Amino acid sequence: MTEGGNGSTTDGRLSGLYSECGQSPWLDNLRRGWITGGELEAWVERGIRGLTSNPSIFQKAIESSDDYDEQFGDLVCGGTSVDDAYWQLVTSDIRGALRALEPVHAASGGTDGFVSVEVNPSLAHDTEATTKAARELHQGIAWPNLMVKIPGTVEGLPSIRQMIAEGYSINVTLIFSVARYEQVAEAYVAGLEDRVAAGLTDLSGVASVASFFVSRTDTEVDRLLDAVGTTSALGLRGRTAVAQAQAAYGRFGEIFSGPRWERLAALGAQVQRPLWASTSTKNPAYPDTLYVDELIGPNTVNTMPDATLDAFCDHGKLRRTIDADQSAARYVLEAVTSNGVDLDGVADTLEAQGVAAFTKSFDELLVSLVAKADSLA
């Protein structure tokens, strides 16, 4: 470990997110070589407390490495379909990650140490199919620190509620607006209430995070502000994503307090933590730790790709920032809106793009696996 500019060791910044600020740093990446080579355990030793994956991550991992070839060849030569072989490749990696994070899960009393795997993204607008897929993943992998990712689409909301009611831990992904965040939190709370109504009054084993996507919001809003072109509009570039996440955190504090929540908390319910996703900086003009430095606070998660984690360890700012100035966050959002940017429309656009991007990665990987299977025939 080396000394950081704030007087802490670089790895101390990462562990300090949790020990000093109450935020859990998670790793937003996974590949087979990290599991077999010990890199994932090394990340956990440095302070990583969870892991997220998505179809794009698995596409990159499987297509850029021969680490999966032997298992894939054995499966397809043994008569397994390409689609089923894909899921076996994925679940093998997920199980390896679950083993690496299990000590964190145990030490935290079941509040951390989770690994997330996403349902087939093409199901994002099919409630029944999403619910079935999420249940099958949980039952098939069957680890207590597994979180299945369900998109926070309108159609995904009933699935989230149902899975929580059944006692499964869920990572709600692709949230792009405060309004949708509120609906996701309601689905979680209502799911817990459904569980109690069914006579299941120990809620301590159910966990959830609400994955609020950050950097993509600035990319889209900045494009619209550039089109407006006024001094006022241009001065707001690079500020919307942080302000929106900070506003969501304000709502988090309100939702997970008061009599309704306290009744559930008395039965062991955990808050559904906001998770900041898409935290790598897309615009090189912005600081590479922007979406970490400005979103630090208790009862939150920040899932970061390894490059962003390394950058934060090197020069990130370890201080509570998420609720330092809620009035400033409100001002930014009001100013962006007054400059003609429809934030609800932005959220709809980004949700559609996110679902499409994950579906494209999933489909392209299956095509490449079909080609590989044909070469083995």
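The structure is a predicted model, in which local features need pLDDT of at least 70 and side-chain atom pairs count only at pLDDT 80 or more, while totals for chains, interfaces and linings use all residues. Residues are numbered from 1 along each chain as its sequence is written, and side-chain values use heavy atoms, with hydrogens and water left out.

**Terms**
- On a 1 Å grid over the protein atoms alone, a pocket is an open set of points where a 1.4 Å probe fits, with protein on both sides within 12 Å along at least five of seven lines, and its lining residues have an atom within 4 Å of a point.

**The largest pocket**
- Of its 25 lining residues, Asp28, Asn54, Ile57, Arg216 and Pro305 are the closest to the centre.
- Helix H4 (55-63) is among the elements that give two or more residues to this lining, together with strands E5 (170-175), E6 (208-213) and E7 (273-277) and helices H15 (306-315) and H17 (343-376); helices (H or I, at least four residues) and strands (E, at least two) are DSSP runs numbered from the N terminus.
- H4 gives the most to the lining of the largest pocket, namely three residues.

**The second largest pocket**
- The second largest pocket has a volume of about 280 Å³, and of the 15 residues that line it, Trp87, Thr91, Ala133, Glu136 and Leu137 lie nearest its centre.
- Helix H6 (82-107) and helix H7 (127-141) each supply at least two residues of this lining, and H7 gives the most, with seven residues.

Key:
Grid points are joined across faces, edges and corners, and a volume is the space filled by probe spheres set on the points.
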